[in-house]
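Open the structure in your viewer and keep the selection tool handy. We will go from stop to stop, and at each one you will hear what to select and what is there.

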Amino acid sequence: MKETAFLAIHRELGAKVVDFAGYLMPVSYSGIIEEHRAVRSHAGLFDVSHMGEFEVTGPDAGALVQKVTTNDVSRLDRGKVHYSAMCRPGGGIIDDLLVYHKGDSYMLVVNASNLSKDLDWIREAARGMSAEVRDRSDDTSLLALQGPRSHDILASVTGRDLSAMAYYTWTEANVLGVKAVVSRTGYTGEAGYELYFDASAVSARTVWDGIMTAGKSHGLRPVGLGARDTLRLEMGYCLYGNDIDETTNPLEAGLGWITKLGKGDFIGREALLKVKDAGPARKLAGFTLDEPRAVPRQHYPLSAEGGQLGEVTSGTLSPTLDRGIGMGYLPTRMSVPGTRVAVTIRGKLVPATTVQPPFVKTNV
């Protein structure tokens, strides 16, 4: 099992720690619902150091990233970040990721569960190119400070007002004496930041304790992966391994907006052009349950017109709406918002209605 530099802190705080993608990670501290609501109303601090970070350098660095990802790196300026995906030649999604343009290099932030697979894939794609791919994951700590009070808290620990930063941009900042890359990104749908810095235990303690102290008067709470999942689902954000994987393609997953088929060649483009021309046979749809307190879970059957059409890929009881919400793949004609479907829960068909995520409106 791998550990982040914050594990001792999580245990001191009484967190429930479990194996997640090979890392010992906190699921919750005080409770998922309480932590979720703290992020929506005030602020939460997440350890997400299990995420992978790759550094791509060399004369062909940009060309390599353009080759292996679906979004258009040529339109990504220094200081900007964008969301993207990597696909197999057949169009299946290897991973979704963030791409940071750092001037003479790129940083790719990938899912922990796919780290080794992604690294091998990109390095294989780099053969014959003047580009080097280095895995910086073990050298990097990553905290996410999320919620409407995150601006005030970050200003306290950096001495800078970063609230005017545009969404999906990054800068360098001194956080309590620790040099960090601070990006205006996150996985909650709330205002917030992600902080990348040296993975030493000293830096971890300094930054975590300093942020928590600065955030005490702002209602800041430590938040685990449980609330991270319910927060992202309320926004309709895809989770790799649930809503997207190598059996799904970006066009059916609602990720056409990060799939720039007109940018030129990239791995998977030809297959995706065929999907676009024919039209996706299915699409990822959101839905809400009619029955109060009913909770959809992954793999529960999705039905309509007297037969099963798919299954739930992600589902939960929304702490904000106090209603069951979820996502799943349906035939394209059935994915239109307002379609009546049903989820089988403990042998009972629970009526549901398809909706266009996000399920919850935020100010971001």
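Start by selecting Arg-40: at 15% relative accessibility it counts as buried, where buried means under 20% relative accessible area, exposed over 50%, and partly exposed in between (1.4 Å probe, protein chains only). Arg-40 and Glu-234 form a salt bridge, with their closest N and O atoms 3.0 Å apart; the term stands for a side-chain nitrogen of Lys or Arg within 4 Å of a carboxyl oxygen of Asp or Glu. This pair links distant parts of the chain, since Arg-40 sits in helix H2 and Glu-234 in helix H7 (residues 225-234), 194 residues apart. Helices (H or I, at least four residues) and strands (E, at least two) are DSSP runs, numbered from the N terminus.

A word on what you are viewing: this is a predicted model, in which local features need pLDDT of at least 70 and side-chain atom pairs count only at pLDDT 80 or more, while totals for chains, interfaces and linings use all residues. Residues are numbered from 1 along each chain as its sequence is written, and side-chain values use heavy atoms, leaving out hydrogens and water.

Next, color the sheet. Its 6 strands form an open sheet in the order S11-S12-S13-S10-S4-S14, with mixed pairing; two strands pair if DSSP finds at least two bridges between them. At the edges you will find S11 (170-175) and S14 (220-223), each pairing on one side only. Zoom in on S12 (residues 178-183) and S13 (residues 192-198), which pair in the antiparallel sense over 4 bridges. There, Val-181 has Tyr-196 in S13 as its bridge partner.

Now show helix H5 (residues 150-158). Which of its residues are buried? They are Ser-150, His-151, Ile-153, Leu-154, Val-157 and Thr-158. Look down the axis of H5: these buried residues fall within an arc of 165°, so they line one face of the helix (the arc is that of the directions from the helix axis to the C-beta atoms). Just after H5, select Gly-159, which takes a positive phi of about 70°.

To finish, return to salt bridges, of which the structure holds 21. Pick Glu-246 and Lys-117, whose side chains meet in one (3.0 Å, N to O). Glu-246 is partly exposed at 33% relative accessibility, and Lys-117 is partly exposed at 26%.
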